[in-house]
Each structure stands twice: as C-alpha cells, then as structure tokens.
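Here is a short briefing for a reader new to this structure. Take a look at the sequence and the model, then read on.

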Amino acid sequence: MLRYLEEDISLELDKDRCIGCGRCLEVCPHGVFVPDGPGKVQIRDRGACMECGACSTNCPVEAIRVRRGVGCADALLNHWLERFRFLKKG
C-alpha cells in the first residue's frame, strides 16, 4: 500500500459531528476509517490518506475535512505517475 507523510496530511475528523452513516467507509479508496462504536467512525490509518476528498465530499454532516489534492500526497502521486509513464516507454 502507498504511504504518505502522515504529519502533512490535512485530514480532520470531528467525532462530535459524526453520525456513523458509514459513507466514508464506503468511498475511501485506502480504508483510512473504521467503525468506532455505535454511530461513530475513527481514523485508523492517517498515513494511507491520499487527500482525494471523497470522504469529506460524501459526509452528510460535514464531520470530515480534507484539503483535496494538496501537499505531499498530490506531489507523490504525480511523481509516481510520471515514473510509470517513463518506465512504460522504456
């Protein structure tokens, strides 16, 4: 699994606002969230967050915030894609 620089991830979860609907569990491509008792979720693996914004976009109570496509995650993805294109050509 891809790892990102955890201390630079902008992901924030307001557990007081969370209603445990599970949408973040459904849409997160890297399984960053896990259920945490009735009606709540918690961040399981912050370093797996690629800041795509799927969780925050789909949260009906705006309990999740993330600056989509910022910081090192965006730079790493672009770097890996460029390397993949280079290797594919060669």
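What share of the 90 residues in the protein is buried? Buried residues make up 31% of them. Keep in mind that this is a predicted model.

**Overall build**
- The protein has three helices and four strands.
- Read from the N terminus, the order of elements is β-α-β-β-α-β-α.
- Take the contacts between residues at least 6 apart in sequence: 57% of these join residues at least 24 apart.

**Surface**
- The accessible surface of the protein is about 5800 Å².
- Carbon and sulfur atoms account for 52% of that surface.

**Salt bridges**
- Side chains of opposite charge can pair when their charged atoms come close.
- The count of salt bridges here is two.

**Glu-12 with Arg-65**
- Glu-12 and Arg-65 form a salt bridge through their side chains, at 3.2 Å from N to O.
- Glu-12 sits in strand β1 (residues 12-13) and Arg-65 in strand β4 (residues 64-65), so this pair ties together parts that are 53 residues apart in sequence.
- Glu-12 is partly exposed, at a relative accessible area of 40%.
- Arg-65 is partly exposed too, and its relative accessible area is 39%.

**Asp-36 with Lys-15**
- Asp-36 and Lys-15 form a salt bridge, with 2.3 Å between the closest N and O atoms.
- Asp-36 lies in the loop between β2 (33-35) and β3 (41-43), and Lys-15 in the loop between β1 and α1 (23-27), so the pair links parts that are 21 residues apart in sequence.
- Asp-36 has 29% relative accessibility and counts as partly exposed.
- Lys-15 has 32% relative accessibility and counts as partly exposed.

Technical notes. Residues are numbered from 1 along each chain as its sequence is written. This is a predicted model: local features need pLDDT of at least 70, side-chain atom pairs count only at pLDDT 80 or more; totals for chains, interfaces and linings use all residues. Side-chain values use heavy atoms; hydrogens and water are left out. A salt bridge is a side-chain nitrogen of Lys or Arg within 4 Å of a carboxyl oxygen of Asp or Glu. Helices (H or I, at least four residues) and strands (E, at least two) are DSSP runs, numbered from the N terminus. Buried means under 20% relative accessible area, exposed over 50%, partly exposed in between (1.4 Å probe, protein chains only). Contact means heavy atoms within 4.5 Å. Accessible areas come from the Shrake-Rupley method with a 1.4 Å probe; for residues, only the protein chains shown count as cover.
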